[in-house]
Amino acid sequence: MGNTKLQYAVRAVLAAAAASAAGAPAYAQTAPAVANDAALQEVVVTGSRLAISPNDVSISPVTSLSALDIQQTGLVRTEDLLNNLPQVVAEQSGGTSISSNGTATVSLRGLGSQRTLVLVNGTRLAPGASLGATPSTSSSADINQIPAELIERVDVLTGGASAVYGADAVAGVVNFVLNTHYEGVKVDANYGFGRYENNHSNLIADLAAANDQIPNSTVDAGFNKDVSVLMGSNFADGKGNVTVYATYLKTNPAVGYQYDFAGCSLNTPSTLPGPGNLKCGGSGTPATGRFALFGVNSATGKFGQLTGTYAVQPNGTFSPYTAADSYNYGALSFLQRAADRYTAGSFINYDINDKTNVYQSFMYARNTSTADYGPSGLFSYTAAQIPCNSPQLSTQQQGLFCTPALIAQNHAGFPNTPAGDITLYVGRRAVENGPRQDNYVSNSFRETLGVKGNWIDGLSYDVYGQVGLNTMNDSQGGYVLTTNALNALDVVTDPATGLPACAAALNGSAPTCVPWNIFQKGGVTAAAANYISTPASYSVTVKEYIVDGSVTADFGKLGFKLPTAAEGPSVNLGAEYRSESYFFNPDYIYENGLNSGGNGAASPIDGGFHVSEVFTEGRLPILNNLPAAYDLSAEAGYRYSSYTSGFNTNTYKFGVEYAPIQDVKLRGGYNRAVRAPSVGDLFAPAVIGAGGTADPCWGAVVGGTGGTTGTVNGHDFAFCSRTGVTASEWGSITPNPAAQINTSVGGNSALQPEKADTFTYGLVFQPSFVSGLVASLDFYYVKIANTIESLSSNTIVNNCGLTGNAALCGLIHRGAGTGSLWFNNADYVTATEENIGTVSTKGIDLASRYIVDVGSMGKVALSLSGTRVLNFFTEPLTNGPAYNCAGYFGTTCGAPIPHWRHVLNTDWRTPWFGSDLALRWRYIGPTQSDRVSQDPQLSQTYFAPTSRIGGYSYLDLSFAMPIATTGIDLRVGVNNITDKAPPIVANGNYSDCPNSSCNDNTWVGTYDTLGRYLYAHVSVKF
């Protein structure tokens, strides 16, 4: 169809640009001879709407992955491919379990997926239908929709691009270029799995000491089976082409108990500084139950614990609770979720005439995945009303909690407790109900219809409409209905039968109630387990509509150019309309937060916005082929956006490239980018649930001599008093057994857009005297002002304690008399979305490629892509102090941001039978816990043995060979040849492992968690 020579030339240029290795710099190389035709000198690159010469270099640094690069990894999930890039920091992935939202996302520079714009063939991918971990991430694109087998190239532009593509392109752009013009039939199949050797004696000993399951010496898990079909044909004498595809991917789970590093939750010692090492711990909500009586101590007048903490022992009696009673929830957590993914679609192009082309694309994806984790229950602690004459209590248990003095003190703390009852703090895993489960089902539809062409040579247009519709349903199972569980603990003797009965059943308020006897070994009946059990569910629907039209004028073809330039200027003018809507519909249980151990109450959302935009972009060649000025060009762009949310934005860019000689080119650019508040940012209701990892002011006083002397967790009373701790609460705030505090997260309708300034400058070296060598070095700086962020509760409490800032301290709501931030939903830290200070990052990208002919031995291609992160600052308050997360990981900084990371590829294209041998070295630089930092905003007591992760090197090997003239290509490979185990990240009182991208005692998505990955791939072409 159309100009097939042009198609061939452009494809050849793009293949050369991305050839050889992951992360190679996306430079266009000299095209084949056919490309010397002047009519072929046009290629549109990611980051611009303007066509440039295929021998030119983009002003904005772009990194590319080719189809060959993807095949050489053996990976079949798109997020896994991108997480290998040095510019990407792990976020939602197939290894995320307890904090999964069922999607896969990409976060450039670690600035968040909400600030990374995802494109497919140059147009926006609609937001994924997710219930985000924070409201912001509800706008993030779900790249599960994109099958790896269909990718022809992935372009990663790091740096703002809002002037070209609109809002959200703050950290950069990921553009998936798909194969939309195929001829023939191709069938691909992949099979791969992880093989891990459980040979770490210290970890095995920890499991044995805790009587936890010992894994097999070798585990094969996380199987991936993938098949795809791509078919295409020209029609109408070559004027048109239709390409269709279908894919299926099945992923089997990998579960914590199969691995020595994930068979239990590895906890720090309970008190530091002090002796001890990591040991198997887990949740303070155990299967044995956990019981404690609180109230106002008659001697001190302070609210606190009145009795010891007890657990049910095998003989049915209470004895003091110890760490040995903790519940090993880690064993059930997935290191890789079970998933099934189906995709299908079509691409149609048809030349109505030489000047008009009509194009259409349709993409569908259905993704199902399951996340399992520890059982639900009443989590430590839940306040339950217990009659002292309950038939479920033994005489021993009544004696521990129900003396007249204890009842009086308990009632002083809980004045609404009925006479004869106590309010008992209870924690009990409902192990009889099985694990909690999230069953995600997403459906994604994307339709594009457009027309493009040339009115005359040099004056072109492109108009298209696009619809994106994404839905997500989460059906939850294994949860305990809190109200029913509390009813089932309020048990008396039925006067009619003499048997235990729920008080609510007798008074008619809950006639189906069945007593839940957690006070005796084996006391829970199947009927009770069924009564307290509840499903919960929610659905999310996201719709996006786009109409876009633009006109491009190439003035060189129209007869105008500067006398000093070889080419003429070009200008693009256009307008775009976009609307987005987000509908979140929870069922009654989910909406009211009645599923214990869920995400807390969450009200429905029905919101959206519309934006109308006009944009322009221009490129001006100034000097060409002159002494000391081989090339000098400039570009600029501007976009005006008007939102129905009540604000307008202006974005713009400027760029210059200068090559004094052909071998060296200097380039620099400035972009003003924006991120408008998403629907979730604006409208998500506040939800109170477990969020922060610790309260720095809970626990006992160390080194005190009475009054408010001494320290708690290294902090003096002045620090804690600023966070709301009173003198009577000092040293007596009870720690949460699960090391969590309540956090309120939600949207904010008063949010304003973020504004980001991004700078890039660097050089490209392509020496004519060294054939096949291309290298670039680029500096980047991104500074986001008015940042939309949900500050972590750790950051809020620590900064309040350090500065006494009224705005931050006002977000802390401690319980009166208890000082607690977790006893009930009235005790929490407000961490709703706010326009905070700035977030900025600065660094250097290095990319190079060298292809050398080794004579009779074939060719060797070498490529390197590396990133040096100089700093990563977060300023919680405008003009306040900022903390630096570069080189750190942890509960505040999140997933590791190493100072240096690279991928080095060596590809030997042998002369024998077309075979290819590829070796890849992935390196992740050392990082350390943010607790180790000297910055007072981060510094906390830390556990030294796991506070540093050393540099990690992975070696991957693959071999490919076609089978004669059969059209069959085979590839086999192994990633992580040495079976390097992932780093251990500590949990417990001094945790470095937040429930985000940290799972099963390690950083999933950043490090290889399944051991060696063995794979085979076969491709058949007809």
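I looked up alanine 775 and found it opposite serine 848 in strand S45. I am working with a predicted model, where local features need pLDDT of at least 70, side-chain atom pairs count only at pLDDT 80 or more, and totals for chains, interfaces and linings use all residues. Residues are numbered from 1 along each chain as its sequence is written, and side-chain values use heavy atoms, with hydrogens and water left out.

I noted the terms for strands. Strands are DSSP runs of E, at least two residues long, numbered from the N terminus. Two of them pair if DSSP finds at least two bridges between them.

Next I checked S40. S40 (residues 773-785) pairs with S39 (residues 754-765) in the antiparallel sense, over 11 bridges. Here alanine 775 is the bridge partner of phenylalanine 765. S40 also runs antiparallel to S45 (residues 839-853), joined by 12 bridges.

Then I turned to arginine 814. I found it in the loop between S42 (812-813) and S43 (828-830). Is it buried or exposed? Arginine 814 counts as buried because its relative accessibility is 13%; buried means under 20% relative accessible area, with a 1.4 Å probe and protein chains only. Its side chain makes a polar contact with the side chain of aspartate 695 at 2.7 Å. Such a contact is a pair of N or O atoms within 3.5 Å, one able to donate a hydrogen and the other to accept it; residues adjacent in sequence count only if both atoms are side-chain atoms. The arginine 814 side chain also reaches the backbone oxygen of threonine 723, at 3.0 Å.

Last, I looked up asparagine 1001. It lies in the loop between S55 (998-999) and S56 (1002-1003). Asparagine 1001 counts as buried, at 2% relative accessibility.

Conventions:
Helix = DSSP H or I, 4+ residues; strand = E, 2+ residues; numbered from the N terminus. Buried < 20%, exposed > 50% of the residue type's maximum accessible area, 1.4 Å probe, protein only.
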